Amino acid sequence: MIETISLGRDFKVRGAVVPAVHDLTFRVEAGEFVGCLGPNGAGKSTTIKMLTGILTPTRGRALVAGLDPARQRKALARRIGVVFGQRTTLWWDLPLRDSFELVRLLYKVDRDRFGARLAELTEVLELGPFLKTPVRQLSLGQRMRGDITAALLHDPEVLVLDEPTIGLDVVAKGEVRSFLARLNAERGTTVLLTTHDLGDVERLCRRVLLIDHGRLAFDGSVAQLRALVPGQESIEDVVAHLYLSSTPAVPRTPRRTPDADPPTVTA
Amino acid sequence: MGDYLLLAWTWVRASAQYRTSFAVSIVSSFAINALDAVAIGIVFTHVTTLGGFSLREVMFLYGTSGVSFALADMLFGNVERLSQHIRAGTFDTMLIRPVSPFVQMAADGFGAHRIGRLAQAVIVLGLSLPVVPWSRAWMVPVMIVCGVVIFTAVFTLGAALQFVLVDAPELANAFTYGGVTLTQYPLSVYGEQLVRGVTYIVPLAFVNWQPALYVLGQPDPLGLPGWLRFASPLAALLLSAVAALAWRAGIRRYRSTGN
């Protein structure tokens, strides 16, 4: 569903060429739930932006839902959903419901299918009480549920989320997590998310990609990630240890064997 | 097209949420443009010819350029706000929708109040029309459309530049807002090098000056070739091709913001 081959992107910083992402190769199959971890500035967001067509790669190639993101951006937009935790795609001054209506028109979603999907998402994400509220008056948790709904109304095969739980309280976080787990389990939607919240990873992700210095430093299950740093109790300590030690200390493991560990979804 | 109208309408509705601000912006836009029109009137009560052109002929130049610019500005002028969107990160969200980012930028923050500027230019153009002979009137709509295309291309070039120089939207303003001010008067009042520059380099002379020489039956003060009077569509086409390439190159070089 998602495939990258030697994907790379350089940025020019004061005349010098800095590779933000380098030689990134991985594959995500349909129906997987993958978490993308890495310290700030490691290249997570750059990777996500290349996969969603926002940034054009300098080297290598990416294929998402069979499309080249940078070249087939509009076609890709109809096949994937994208959520940014730090910025909204909703219309700030209009009622939430109007933003959804706009999604229907822009994505040219059939009216009946749209109605059914919206009704379903409204129920599961409990949007009912604030559908008519202008987005600027929503709490962050409500807005995030609105953003996730907007990204799913056209029924995408892949959902990409960049820090979807950032700033949310424990309850709102739990709601978002259990929804994503359900979406993945029931509809088989492929989910790729970046996060700094290791709770997201432990509860949701069957597979973890660790990006460090723009390279793929680890690709495997949460259990395999823990095994890298023996003697550490919490996943936080494991990841902190990995972030602190520079790239060479993190061994590159081969791709995980399918179903090496059962999904541990509790939310 | 449909997407543009949809987005523009949504923006009008969004801005109408703030009723007072919406009303004030419409009223102030009309007031500013009315004052502008009064200023032109005052200039022309003291001057009867300008650069070898009569009052009505100057009004014709002013009106054609004004209408072209007002239309281009109203429909596409917002693309020049690109650097704000890049810095705020909102350009990212435009790239994940199944609609051309250019259309989204053009419709962004569409304001009905911009009709004020258009109304003023239309009135000036209307008052000048008696100088246009019937046999040459066909050129007027042609030159207005070409003018819209040329100004839109200049807006787009300015926006494309902002992909590289996020802090330099002002440079583009020199050619758009500067361009309309320049072409609202007979180019014969300017220096020869400037006129050659806006003919062959940044083709603002084709917005109205060259086709107006044909419409008004005036000789070219610089003695440039006569076929240039009919070259506006060609200039518009070439400049839009350059602008489209620059926009695409800009999107390829787009670097987004952190996280």
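## B:Asp3 and its surroundings

Not counting residues up to four places away in sequence, B:Asp3 touches A:Leu106 and A:Lys108 of chain A, together with B:Val99 and B:Val103 of chain B. In this predicted model, B:Asp3 lies in helix 1 of chain B, which covers residues 2-15, and its side chain is joined to that of A:Lys108 by a polar contact of 3.4 Å. With a relative accessible area of 17%, B:Asp3 is buried, because the cut-off for that class is under 20%.

## The largest nonpolar core

The largest nonpolar core has 156 residues, and the members that touch the most others are A:Phe100, A:Ile148, A:Leu180, A:Leu225, B:Phe60 and B:Phe91. Helix 8 of chain B, residues 139-164, contributes the largest share of this core, with 13 residues.

## Cysteines without disulfides

Over all chains, the structure holds zero disulfides. In the case of A:Cys205, the closest cysteine sulfur is that of A:Cys36 at 9.6 Å, which is too far for a bond, since a disulfide requires the two sulfur atoms to be within 2.5 Å.

A:Cys205 is buried, its relative accessible area being 4%, and B:Cys146 likewise counts as buried, at 6% relative accessibility.

Technical notes
Residues numbered from 1 in each chain as written. Chains lettered and ligands numbered in written order. Predicted model: local features only at pLDDT ≥ 70, side-chain atom pairs only at ≥ 80, totals over all residues. Heavy atoms only, no water. Core = buried A, V, L, I, M, F, W, Y, C linked by side-chain atoms within 4.5 Å. Buried < 20%, exposed > 50% of the residue type's maximum accessible area, 1.4 Å probe, protein only. Helix = DSSP H or I, 4+ residues; strand = E, 2+ residues; numbered from the N terminus. Polar contact = N/O pair within 3.5 Å; in protein donor to acceptor, adjacent residues only side chain to side chain. Contact = heavy atoms within 4.5 Å.
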